[in-house]
Structures are given as C-alpha cells and as structure tokens.
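I'm opening my notebook to jot down what I looked up in this one. Here goes.

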Amino acid sequence: MHSETPLPAELHGQVEELRKEHLLIDVRPREEMNRMVLEAMEDTSREWKWAMAFLGLVTVVTLFGAWAYLMSTGMGLAGIRRPIFWGLFIVSFVFWIGISHAGTFVSAILRVFKAEFRRPFTRAAELMTTFALMGAGLYPLIHLGRTWRFYWMVPYPNQRWLWPNFRSPLVWDFFAINTYLIGSTLYLYLPLIPDLAMARDKSTGWRKKLYTILSLGWRGTEEEWRHLTKAIQIFAWAIIPVMFSVHTIVSWDFAVAMKLGWHSTIFGPYFITGAILSGIAAVGSVLYLVRTTMKNMTYFIRPEHFDTLGKLLLIISMGWTYFFFNEFILEWYGGEHTVKEIIRFYTQGDIAPVWWLMVICNIFIPWAVLWNRNWRRKPWVMFLMGLIVNVGMYAERYVIVTGALSRNRIPFDWGWYQPSLVEISIAFGTFTLFLFMYGMASRLIPLIPVWEVEEGHHAHSLRKVGKTVVPSVADLE
Amino acid sequence: MAGEEHTKWVMVIDLDRCTGCNACVTACAMENNVAFAGEEENAYGRGMHWIRLVRYWEGEYPEVQMRTMPMMCQQCSNAPCEPVCPVFATLHSEAEELNIQVYNRCIGTRYCANNCPYIARTFNWFDYEWPEPMNYYLNPDVTVRRRGIMEKCTFCIQRIRRAQEEARLEGRPVRDGEVQPACAQACPTDAIVFGNWQDPHSKVRQLAESQRGFKFLEELGTEPKVIYLSSQRHEF
C-alpha cells in the first residue's frame, strides 16, 4: 500500500467503498492504531468497574460459595442419583472444553492457512481458549466426591509407590487438558510480546512496570522478529494436534465406557466438530461484546468479520449435523433393545424437549439464518446466533451425559435426573467467572494484535484491473 | 495356605427359590455397616444397599405375578469398573479373584458406577448417621465409610478372611459351606449358595452345572462370578 502508484481519480469512489468494508485496506498509521488500542485498554470507566465488581461478586457467591457448600456437605447436594452418577458438572466440563476450541481454531488453523480475516481477532479468540480451559479445569475438581484428594490423580513420587491408573480416561484427560492449557497459554503469549512492548513504551506508572516485565525486553530487532515468527509458526502447527487430541480424549471418557449411548466409535470427530461449532459461535458473541463495549473497536472489528464467522459457523453446523446423523442412524440400524430405548427416550421420552432444543438450535436456526449475507453482517444477529448455538451445544452434552445414563440394560433401574439448585448455581458461576476474567484481561493486555493488523496492511494492496479496483494480497510469511 | 491358593469364590442364586422377602438386603446392611440413607433419600434413588431385589411384574391385572432377582456386584473377572478408575481405588485382588474397593483410595469420580452394567455400586452422597439404637450394632470387622466415596458388595470378604485364618490355624483347607456371606446366611429358602469353584465337590459347583444356570449379561464379556438358576431363563 505504501509505495504504489496512485489510482486514477475516477476510481476513488470504489476505493472508498472498499476501505469502508475491509480493515486491511483501510490503512491507518501505526501510531494511530497504537493509540486506539491503548485507549480501549486503559478505559477503566466507572461502568466497567461496576460490571467487574458485580461479576466478581456473583462468581464468588454462585461458584465458589456453592462449591464450598457442596464440599462441606456432600455430593448429595447435586441432583444426581443412581443410575445417573454424572450430571451438570460433567455437562459443563465438556461444554467449556468445547468453547476452548475457539481460540485454537481461529488463531492456529486460520493462521497456518493464512486466512487474512483472522488478523484483528486472533487474540480475542485465544483469550477465550485460555479462560474457557480454566473454567473447564475446575469441573474435574468440583465433581469429585473428595475434592481435597484430587492430587492422587497426579503422578508424583510417593512413599507407597502408588501411581495413577494410566488405563483410565480420566488420567488421559488430566494430561490432555494440562498440555492444552500450557500450550495455548504460551501460544497466546508469543504474539502478545510485541504488543506488550508497544504498551510498555507508551504507558506510565504501574502499567509501565508490568509491561516491562511481561515484554521480556523486546526491542523489535530483525533477529527478534525472525525468532518470534518462527516460534509462532511452530506453535501454530503444534497446537492443532493437541486441540484435536483434547476433545477426542474428552469424548473417550464416554466412548470407552461399556455404556450404550456412549459406546460409539464416532464420538471423537463428533465431539471435535461440536466443540469447534460452539467455539466459533462463542467467538461471534464475544466479538460483539468487545465491539460494543470497548472504545475504537468498530474500526478493527467490522461486519466483514461477522460475515466470515457466519459462513464458518454454517459450514461447521453442517459438519456437525453429518456426524449427528451418522451417530443416530447407525445405532438405530443396530437394533439393540437398549439402544432403541435410548433413542426413543431422546426423541419422545422425558428428555425429548432438550433433545429437540439441540436440533433446533444447532441445525434449524443456523441453517435458516446464516445463508443470508445481510443477516450474517449484522453483529447483533451473530451475537444471538452465538448464544443460540451454544444453548444447543449445552443441550447436546446434557442429552449425552444424563440422557444416556438414564437408560441401561436393567429396566428396573432406569432413572431420571434433574439438576439441583447448587449444580445450576455452580454452572452459572462459571459463566460469570469467564466474563470476569475476560473483562479484566481486556483492560490489562492489548486485545487487538496491532502488529498483525499492520502486517496485514502491508500485505494488502489495491490494483487497477480494467475499469475497476480489486484488493490483492501478497504473501509475507 | 492350601486353602487360599486355589480359591475362586462363586455365588449361585436360585431364582426359582427366591420369594422376594428382602432378608438378604437387611442382613447385608447389618453385616456391612451399610448406611441408613433415610426414607426420603431412598425414595430419591440413593439407597445404599449393596444387594437389591430387581423386581418385575408379570401378566395383566388381576393375574399379576411378581418376579425378583437379587442383584449385587457380580465380582467380574473382566470388570468394566476397574480400568476407568484413575487412582486404582477399585482393582482386582489376585488372591481371591475379587473386585476390591479401597475406600481410603477413592476420590469419588463415580466413573466406575457409570460403567457398571449391573448398576451394583452405591455412592456415599452424605455423611450418614445411624439412628439410635442402630449405632450400637456396627460391625467392627467392616470399615464405616465417609461421604464422597464409592462402595459395593465385597462378597463379605471379612468372613472369607476369618474362615481362611481359622482353617490355617487348624492346618486344613477351608471347608465347603464354612464361608457364608450375610445374604446367603439369611436367605430362608437357601436360594443363595456361596462356595469355592475350585473344589469339585462344592455345592456351588454342583448347582452351577444345572441346566437352569446362566450368568447375567454374560454376552458383555464381563465374566461374572454370580450364577443364576432359573427355569424361566428367557424371562431375564
């Protein structure tokens, strides 16, 4: 963009249109972008403080308060009973692991495929990964009968030579989640370094001290950039198989069990697709909140981004439907009595409202709305779509976990589960915890990767072809 | 030690003899310090009984017949509960070929209970109190469990151990019929018989060879150690 021949005057109208549409053509000086991002970050307004205080308080009461009550009284405060030994805690665990796939998908997969539209919101999505994983990681602790003995799942040397049981999927979970949490946090941190250095150079007081430590003495030399881009490339490739492994292993918690309705070979890819579906949907919702509540964000996050997210969401919803259909049609064809009863229970039994809620929210509504470009481009529509799809995905996990457990091979022991107030409170508290952590982080780190946007500006240019102008992209990496 | 090396404890339950009187359930609760969950919790589906009567109704009213099937941990040789426990709280004992539940090791993931096709496991949802005067009746041979851990039928392992120790002191193998779990002892119709499979003259061995014998959900490959006898086998 910077050293090109000026376009003829008669095309200026078209150029203006394109600038309005595409962030990466709408070049602004680096200084101005720095200022915009820092202004959004340092905007600790009264409203934000009240919101954070409220979210923090609600989290302390509904999540940690209820958890303490649960621990001191007993797991009986949850609604679970024989034969349904897992309830809302495991549902929420799978749900948050699903949300955590947002960041990796958006920033790693789109990065290695060089999808340019990712640039302004890779970090916003990566932050979701880290915080969703933290929320998810609480549940394996919350749902334990004796939480204070959780460290027995950790392989640490002890006098009795007792190790965890490496045949148990719960131990695989432990390793998979920790690997993913560490990997994705590092992957969040690496592209953050140049922006932290930028914030260091432009801030004063405690922020200056904080960013001086966090930016690790970044000066922006050519050597440093070479190392950084190399490291980001390696991490982007490496985190993708980790992401696939995490939700596959979560699905194995169910699939390896001798439980009809769980014992399905398709659960690995089915769960991964579901996770990416809920993750992408959540990115849409969070981007809407970022765009409407933070300063200067309408420049960085535009209808074009919601449009592309909408297309992705539609395609992944179709992918999810494919696996969903496979899962049911093949089980049904098997014709086993208990499986037939489970399918009847899902579609017509007591749990049918939840099952149909899943079908409506994950298939009917996205397919009815997302084909339309005008709707996709409306941020509030994508906000609502994000919420709807996530309601559907929560319902999916609810059906799989509690629905399948309600029916077994001994009809005398069939059961029915209803979540208790304590469970609902804890599940709700994780949402406020997520929003609280996200809100705090949005004022502590630059939420927009300025250097990546600038890189995008350099890569994009407008070219005159005949009587029109077209945007073109050069490959910088 | 001759008695210990070649033991494979097996239970035979004759469904044709079972009257559904629940004596086994009561005896088991007394022997094994099974907690009193209380009326409400029981109705909610949190009874702590290690053995239960799976009950079915046959026929149309008024020609209704009740059929019962005592159900407890089947002590599977290939147990689905064992591999899923992350901390080895449920594992296989080599000596007795039984499924052991180590209360002190259990952290309460409840995965074992989800994976049990016999729904044999019960969970301590709360710290339960024994109502007066039942708190004076606790069996000193059996651990009292606290909240947050899983428990299940042990084939009255404390009785197996006692019989083995007595036999060892007298320098003889354990005699057939010497070990009797509480449920078998209490059964008024002798529907439940317990013994050593390795002893070719044992009562369980002879009963198990009956034409009426079957193992419940055997097709899952769990290799259960409870053999049911029924002349109406197709019903189950």
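Radius of gyration first: I take it over C-alpha atoms, and the globule rule is 2.2 Å times the number of residues to the power 0.38. With 236 residues in chain B, a compact globule would come out near 18 Å, and chain B has 18 Å, so the two agree.

Housekeeping: this is a predicted model, where local features need pLDDT of at least 70, side-chain atom pairs count only at pLDDT 80 or more, and totals for chains, interfaces and linings use all residues. Residues are numbered from 1 along each chain as its sequence is written, while chains are lettered from A and ligands numbered from 1 in the order in which they are written.

Buried residues make up 44% of the 236 in chain B (buried means 20 or more other C-beta atoms within 10 Å of a residue's own, with C-beta atoms placed from the backbone).

Next, chain A. How do helix 11 and helix 13 of chain A cross? Their axes (lines fitted to C-alpha atoms over the stretch in contact, with angles from 0 to 180 degrees between N-to-C directions) come within 9 Å and cross at roughly 155 degrees. That makes helix 11 of chain A roughly antiparallel to helix 13 of chain A (the cut-off is over 145 degrees).

Key:
A residue is buried if 20 or more other C-beta atoms lie within 10 Å of its own, exposed if 12 or fewer, and partly exposed in between; C-beta atoms are placed from the backbone. Helices (H or I, at least four residues) and strands (E, at least two) are DSSP runs, numbered from the N terminus. Angles under 35 degrees count as roughly parallel, over 145 as roughly antiparallel, 65 to 115 as roughly perpendicular and the rest as oblique.
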